[in-house]
Amino acid sequence: MSNTSSTNKNPTQQSDNSKPKGPGIGVDSNTEGGGVWAQTNAKRDKLGELRLELKFDLGQRTLDDAATSEEKLDLWLVDGIKAVCSFVDGVELRGECVEQLRSSDVDGVPHLDDFYGLLKEFQENCDGGKINKGQYETHLKNLMAHVEQIRTHHPAAPRTSDTEEGGSSTAQSSLVHIRDIMEFTPPNEPIKSTKEIKKKGEEGASHIIPASLEKDLSQALSLPLIDCSEYFHILLLQSCLLNLSERWDDLVRISDADQDRAATTGATLAPLEQVDVPKLHQVLEAFGTKGCAERTEALWNLMDWDDDGLLDQVEMDQVVSMTLQPVEAALKSFVEDCIAVWPLRAGDPFIEDSVGEEMSLQKNKGAYKKWTEKRKEKKAKKVLLKLLDGAIKRHFKIDVEVPHRLRCCYAWADKEHQGGKVQSVLVESTGSGIESDGDSVVDAAGGNSGGGFFNSKKRYVELDPKISYKEFREVQREHFPHLDRITQELCTGFKEEVWMQQGKRRQNAEVKREGLAFLAVVSLIDIGITLS
């Protein structure tokens, strides 16, 4: 892999051999950081254009301030989803309430206790700790049915079946409060002089919310945050099971590099027919109760079929792909459920007060008014889900550039296998199954075979070194930190898509106003000329 840099036009710098030529390795930099990743693309340029159009005299400091009251509902929805997903991914959030929830959540997700008990029972009854393809598919199918029942009966699941069957429609999902969950950011007002620090003291200098006030502010959202995070964990587990059910061929496939490496010793690797059950259950446990780093490590161990802790570059790419895809599917399901429990634009759902009386906030409206609100609501949902699909498809592939980052992580890792160097090997194979390394050809019986020049084929192979998870992790933390906050990155891309859609709407409205004003002025001038 090589870096392409622009030609230096300064002849003195070209002839100076004492200075290092070309930039060093860096992250997210166009020039001085290594010329690896482009900082600008169409979306970022558009966001910069929208920020330049903010009206600072009206108090607009961010794109959130420029949004209308209806548009802010969408932004609050994305912020709430991002806060819940950050809590699930293991990203540190501010607040004493969040720290207490993390310290008390020792046993993981309580609603999944029966599920993990089922895994333990299956593992104890499994002979040899491995299962074949038929057992694998049956096992995952049973687990998916069990997780679906857990999801349906969870407090955060949308309650739509009761209304359709004519039962009680007052049961609320905890997802109704998703717009109220957000991370509190203290005001950033640095003190200018040390005299003010002495006057205000240390407590005044640090913007810390009093413990009593923070407890009162956060107590009302503790239960919704727990329910929403548990529900997202369940969706992650469900998506992981669905993804693994389609990955049997990837789990048992032996890479070409391993086949070539075995051919250098005259051995032939038999196709894999079984999968390790404990490793499989570790993946399910990681997706159900743990963060992004633990999920990647569990999938790394599952792909390591020979238990040497090393993977080829292709297998490393598959691990990252298997880490991203379930999260993307789970986030889409989570957003759809959040939209289903509470309207985006028109109408209000039935809510239940503390006494249990059912009351409706929707006033008596005409048929046309209800039709227009229903149509507006349907259009808003369609637009928001389309923006989510675009963010899922483009964020990691285009904005983050995952394939390029993975190539760089593999190339820049300090690999111990084969001394970190490519091993060049000449492999000879014949139609009678004779394989050897070098100039001598050895047949299956162990004797030397003559006529190798006419009967055998020589194949030149370059064996790239393998990489361990520890080596990958050291480079990934620096150059690919997005893998430790997958859902948060997707929510960031989702919000940027919403910003762009709202900004384009404001720009179109401004162009429309200016166009109508221009036509009005021209019409008045034309009328004046005609009358004169």
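This report describes salt bridges, cysteines and surface patches in a predicted model.

## Basis of the description

Residues are numbered from 1 along each chain as its sequence is written, and side-chain values use heavy atoms, with hydrogens and water left out. Because the model is predicted, local features need pLDDT of at least 70 and side-chain atom pairs count only at pLDDT 80 or more, while totals for chains, interfaces and linings use all residues.

## Salt bridges

The whole structure contains 24 salt bridges, a salt bridge being a side-chain nitrogen of Lys or Arg within 4 Å of a carboxyl oxygen of Asp or Glu. One of them joins Lys43 and Asp399, with an N to O distance of 2.6 Å. This pair links distant parts of the chain, since Lys43 is in helix H2 (residues 42-52) and Asp399 is in helix H15, 356 residues apart. Helices (H or I, at least four residues) and strands (E, at least two) are DSSP runs, numbered from the N terminus. Lys43 has a relative accessible area of 10% and is therefore buried; buried means under 20%, exposed over 50%, and partly exposed in between (1.4 Å probe, protein chains only). Asp399 is also buried, at 17%.

A salt bridge also forms between Asp79 and Lys495, whose closest N and O atoms are 2.7 Å apart. Asp79 lies in helix H3 (residues 69-89) and Lys495 in helix H19, so this pair ties together parts that are 416 residues apart in sequence.

## A salt-bridge network

Which residues are linked in a network of salt bridges? They are Asp258, Arg261, Asp306, Asp308 and Lys466. Within this group, the side chains of Lys466 and Asp306 meet at 3.6 Å, N to O. Lys466 is buried, with a relative accessible area of 4%, whereas Asp306 is partly exposed, at 29%.

## Cysteines

The structure holds 0 disulfides, a disulfide being a pair of cysteine sulfur atoms within 2.5 Å. For Cys292, the nearest cysteine sulfur is that of Cys85, 9.8 Å away. For Cys409, the nearest is that of Cys408, at 7.1 Å. Cys292 is buried, with a relative accessible area of 0%, and Cys409 is likewise buried at 0%.

Phe518 is found in helix H19 (residues 486-531). Its relative accessible area is 55%, so Phe518 counts as exposed.
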